[in-house]
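Here is a short report on one protein model. Look at the structure first, then read on.

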Amino acid sequence: MADEDARHEAGEALAAAVGRAAPAEWEWLARAPLPGAFAGAGRRCRGAAGLGPGEAAALRRAGAVAPEAWPLADAARVWLLLARLPLTAPEAAATVRRLFLTGDTAERRAVLRALALLPAPEAHRDLAIEACRTNVQEVFEAIACDNAYPAAFFPEPAFNQMVLKAVFLGAPLGRVVGLEARRNPEMERMARDYASERRAAGRPVPEDLTLITAGATP
């Protein structure tokens, strides 16, 4: 998604934000091996990231959505991925997968937020799709909400399933990036079937389901 210049700018912006908020921790992160630094960022980097307007804009140009809302540990972990991943796409993909699978909820959230910014982002498609299977709300929303990756790289069936799962879990559809552009007849059919099932069971239909059904009453 982002070109090399945009990724470099994003990395510098994150380094500046983390270095300003926690200079000693930033120095440790820069020296420690990637797995240890990635895991340890949660203990060492606490609080809001505090990205300045220019830094947040650099992240958005690289493909991030709402980076100003990231906590400091997320900013540090995304910076680590931008700065320290292996150069080849297969090695990078294997490293990202390993960090995700061995990580806790916060580490998994940071991995998913980083995907759209990484080189060769398509190499992480399988991991992103697998992440949608989680029932951990925070992890699911990290890929489904405020994340440009699914709209850019998911095939239609995977995107549809993610959107319907967002409905099931109560994740806000208004924060699914690219929903309007990726809306399709099969997604609308699934949404209408779900609405019919809810009505038949005497249950309320989520109001934002109309974002799938093109504004018509589902």
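Cys 132 is buried, because its relative accessible area is 10% (buried means under 20%, exposed over 50%, partly exposed in between, with a 1.4 Å probe and protein chains only). This is a predicted model, where local features need pLDDT of at least 70, side-chain atom pairs count only at pLDDT 80 or more, and totals for chains, interfaces and linings use all residues. Residues are numbered from 1 along each chain as its sequence is written, and side-chain values use heavy atoms, leaving out hydrogens and water.

**Cysteines**

The closest cysteine sulfur to that of Cys 132 is in Cys 145, 10 Å away, so it is too far for a bond. A disulfide needs a pair of cysteine sulfur atoms within 2.5 Å. The structure holds zero disulfides. Cys 45 is buried too, at 2% relative accessibility.

**Two helices**

Helices here are DSSP runs (H or I, at least four residues), numbered from the N terminus. Helix α1 (residues 4–21) packs with helix α4 (residues 53–61) at about 145 degrees, and their axes are 8 Å apart. Axes are lines fitted to C-alpha atoms over the stretch in contact, and angles run from 0 to 180 degrees between N-to-C directions. Contact means heavy atoms within 4.5 Å. Among the residues making the contact are Ala 13 and Leu 14 of α1 and Leu 59 of α4.

**Positive phi**

Two alanines have a positive phi, and each sits in a loop.
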